[in-house]
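Please view the sequence and the structure together.

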Amino acid sequence: MSISPALKATTRSAYRDVLRAASITFSGDQQVFQAFRAKIRHDIAQNNTADPEAYQKHNQFIRDVAQVLRKNVVQGVHIPGKAQEDGASLYRIRMTKHTELGDNDSIKNPPPVESSRSLRRREKGQPHNSFLDAVPANAALSSLTASNPSPPHRYFSALKKAHKERVIPQLLEEDLEEQFVRGSGPLDKLANPGLSKEGMKAAKQRERERQRRKKAKKKTKQKDAEDTADDNVD
């Protein structure tokens, strides 16, 4: 079987896509960009398969690489003249509009996954070596949670699977609420954009009452001082 012109055009499109992603991610670092470009060209040139299905899988792999470069790879830019307390250099992370910002809860607390070793032993009918292998994953997790609040040890495969299955929260425009407050009058210093109109009125009223109590206390203190002075004169 031979590769159709449409599949070859798909390869060229995927190649341009991954180069555009690399130019954004490695912006300003020509050495890394040129090395990546040479590597991806070499991999595409080595794809001499005549199987259309394998050829299509290779094209999809190139597009997946482009997505990872856009969303999951960030560039660290060295900040000259600045260093940490231990002398280590400081770097500024350059994030783009394509950088993926997700929730880390699903990564920190992934669902329990049976290890490949225990799975092979269970398929072969061999005895289990640990408590986690002998009971279902959900039961083991509930038992450990009841006895020990700290989460159990996670393998890299479990973390990787949880990373793929994580849910990114979506921010909707109808969930946002805006409030605008304009301060005026002698108590402008109380103008606070975080207060509503009713809240501003209540805050100003409390400030006026506080000022009245302060003046009344001052007058009472002065009057007591005058009375004490008159008594001493008499």
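The model is predicted, so local features need pLDDT of at least 70 and side-chain atom pairs count only at pLDDT 80 or more, whereas totals for chains, interfaces and linings use all residues. Residues are numbered from 1 along each chain as its sequence is written, and side-chain values use heavy atoms, with hydrogens and water left out.

The second largest pocket holds about 210 Å³ of space. By class, its lining comprises 1 nonpolar, 3 polar and 5 charged residues (nonpolar: Ala, Val, Leu, Ile, Met, Phe, Trp, Tyr, Cys and Pro; charged: Asp, Glu, Lys and Arg; polar: the others, Gly among them).

A search of the whole structure finds 1 cavity of 30 Å³ or more. The largest cavity contains about 50 Å³ of space, and the residues lining the largest cavity include Ile24, Leu69, Val74 and Met95. Both α1 (5-25) and α3 supply at least two residues of that lining.

Val74 lies in the loop between α3 (52-72) and β1 (75-83). Val74 is partly exposed, with a relative accessible area of 38% (partly exposed lies between buried, under 20%, and exposed, over 50%, with a 1.4 Å probe and protein chains only).

Methods
Helix = DSSP H or I, 4+ residues; strand = E, 2+ residues; numbered from the N terminus. 1 Å grid on protein atoms, 1.4 Å probe; cavity = no way out; pocket = protein on both sides within 12 Å on 5 of 7 lines; lining within 4 Å. Points joined across faces, edges and corners; volume = space filled by probe spheres on them.
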